[in-house]
Amino acid sequence: MSVYLIENLDDPRLDAYRDIRSRNWTYVSKRFIAEGPLLTERLLASNYQTESVLIDRKYADHYTSRIPPSVDVLLLEHEQIEQILGFHFHRGILACGVRPPQLELRRDFGEPPHAQETLVAAIGVQDPENLGSILRCSAGFGIRRVIIGPGTADPLARRVLRVSMGTALRLQLMHTRDIVGDLGWLRDSFGVISYATSLRDNSKRLETTRRSGPVLILVGNEKSGLPEEVQSAADHCLRIDMELGTDSLNVGMASGIVMHYFCRIA
């Protein structure tokens, strides 16, 4: 393990951590940031490469023994960390992960799904906290394959990782640019039946739905839901009935209910 006490804040090894609240590392950057002990631990335990770990110097003895030899450890004084990050930070440790090549649905789908497998697709889910909730629910219910559709937040964004509690790092995150075409491909290739969450009048009540074979749950944008063409291309549309004049649930909560139904009840 290489441990470096950084004295010059212009050191390029700190670049990944600069102003991370106002700076969004995207797919192009090939990096992402995990904040705090839990997310750092889960990054180090995952299949993702860790480029470096940034530690508050006063916590050096506590953390350095847990860092693998292949990972650079950067030590800074507490005040210097806050200068680099651009906000108050009291959790002592951050890590910079390396993004692997982006997985594409058709190219990287892998082995055929088993009869009771459930998949999830997030289409146009823009809020990082909502996407983080969806990913955390997916991991919690054993849904390993998650499809990231057009207009959806970055699943490795800082806030998404934080809300997902790092569970995003355990999932197979596959991207699609043509979810309508891919619904037909999944159906024809693997017998996957797709269920679009929908407020259409002809949508089925969730509790009346039964599964036979692998299932794909489609969830959409916080305001407008799933595009009409996606709802039309899905095998079925379903809804969660509301009471007291409530029109719908938050997409993170609704997706969790539907996942639980298909994974545990149906």
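A word on the model. It is predicted, with local features needing pLDDT of at least 70 and side-chain atom pairs pLDDT 80 or more, while totals for chains, interfaces and linings use all residues. Residues are numbered from 1 along each chain as its sequence is written, and side-chain values use heavy atoms, leaving out hydrogens and water.

Back to Arg 200. Where does Arg 200 sit? In the loop between strand 10 (193–197) and strand 11 (204–205). Strands (E, at least two residues) and helices (H or I, at least four) are DSSP runs, numbered from the N terminus.

Now take contacts, meaning heavy atoms within 4.5 Å. Setting aside neighbours within four places in sequence, Arg 200 touches Glu 228, Gln 231, Ser 232 and Cys 237. Arg 239 lies 39 residues from Arg 200 in sequence, yet their C-alpha atoms are 8.2 Å apart.

Buried means under 20% relative accessible area, exposed over 50%, and partly exposed in between, with a 1.4 Å probe and protein chains only.

Now the whole chain. It has 266 residues, and 50% of them are buried. There are nine helices and 13 strands. The C-alpha trace spans about 65 × 45 × 30 Å along its principal axes. Take contacts between residues at least 6 apart in sequence: 77% of these join residues at least 24 apart.

Last, some strands. Which strands pair with strand 9 (residues 172–175)? Strand 6 (residues 103–104) runs parallel to strand 9, joined by two bridges. Here Leu 103 stands opposite Met 174. Strand 8 (residues 145–148) also runs parallel to strand 9, with four bridges. There, Val 146 stands opposite Leu 173. Two strands pair if DSSP finds at least two bridges between them. In a regular strand, side chains alternate between the two faces of the sheet.
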